[in-house]
Amino acid sequence: MDAALAEARRCLEWEDVPVGAAVFLGDELLASAGNERERRRDPTAHAEILALRAAADRVETWRLEECAMYVTLEPCAMCAGALVLARVRRLVYGAADPKAGFAGSVGDITRHASLNHRLEVVGGVHERECSDLLQAFFRDRRAGRSSDQE
């Protein structure tokens, strides 16, 4: 989770929501990324998607069957679906996302019985640190917006 948290902190450089992801094959870090939606002006440039793409390039296959993804925030529907399609074995996330999380909060694509692949899911790893980073980001944004309007 340390690699994912480092990526999340880097997102602050380009003022994006601080979410980081890291893909491991055993103990080997294959790829890591942070959100780049603002930086790339791309609604699909979530940390998980970018990390999956880089990991697939590194191992030269889209099948990441023996891999684990660590992410600081519970994945949204798009990212949870991508994890299933990539055949990722294990998902470990920090903070739950009760508004958009699809690894158990709003829905659960990662373990849906109708899909041909299901992930092992572990939530709440470094939860406080992941939550604090996100809360500080949004608190600072709200404070900046309100002072801009005055």
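**Briefing: aromatic pairs, a hairpin and helix faces**

F24 counts as buried because its relative accessibility is 18%, where buried means under 20% relative accessible area, exposed over 50% and partly exposed in between (1.4 Å probe, protein chains only). The model is predicted: local features need pLDDT of at least 70, side-chain atom pairs count only at pLDDT 80 or more, and totals for chains, interfaces and linings use all residues. Residues are numbered from 1 along each chain as its sequence is written, and side-chain values use heavy atoms, with hydrogens and water left out. Helices (H or I, at least four residues) and strands (E, at least two) are DSSP runs, numbered from the N terminus.

**Aromatic and charge–ring contacts**

- The whole structure holds two aromatic pairs; rings of Phe, Tyr and Trp (its six-membered ring) pair if their centres lie within 6.5 Å, with planes under 30 degrees apart counted as stacked, over 60 as edge-to-face and the rest as tilted.
- F24 and Y70 form an edge-to-face pair, because their ring centres are 5.5 Å apart and their planes stand at 80°.
- Since F24 lies in strand β1 and Y70 in strand β3, this pair ties together parts that are 46 residues apart in sequence.
- F137 and F138 are also edge-to-face, because their ring centres are 5.0 Å apart and their planes are at 80°.
- F137 counts as buried at 8% relative accessibility, whereas F138 is partly exposed, with a relative accessible area of 35%.
- R39 lies over the face of W14, 3.8 Å from the ring centre; a charge sits over a ring if NZ of Lys or CZ of Arg is within 6 Å of the ring centre and within 35 degrees of the ring normal.

- Strands β1 (residues 20-25) and β2 (residues 28-34) run antiparallel and are joined by six bridges; two strands pair if DSSP finds at least two bridges between them.
- V23 has A31 of β2 as its bridge partner.
- Two residues separate the strands of this hairpin, and G26 in the turn has a positive phi of about 65°.

**Helices**

- Helix α1 (residues 2-10) has A4, L5, E7 and A8 buried.
- These buried residues line one face of α1 because they fall within an arc of 160° seen down its axis, the arc being that of the directions from the helix axis to the C-beta atoms.
- Among the buried residues of helix α3 are A47, I49, L50 and L52.
- The buried residues of α3 pack against β1, β2, α2 (37-40), β3 (67-73) and α4 (77-85), with contact meaning heavy atoms within 4.5 Å.
- Just after α3, E60 has a positive phi of about 60°.
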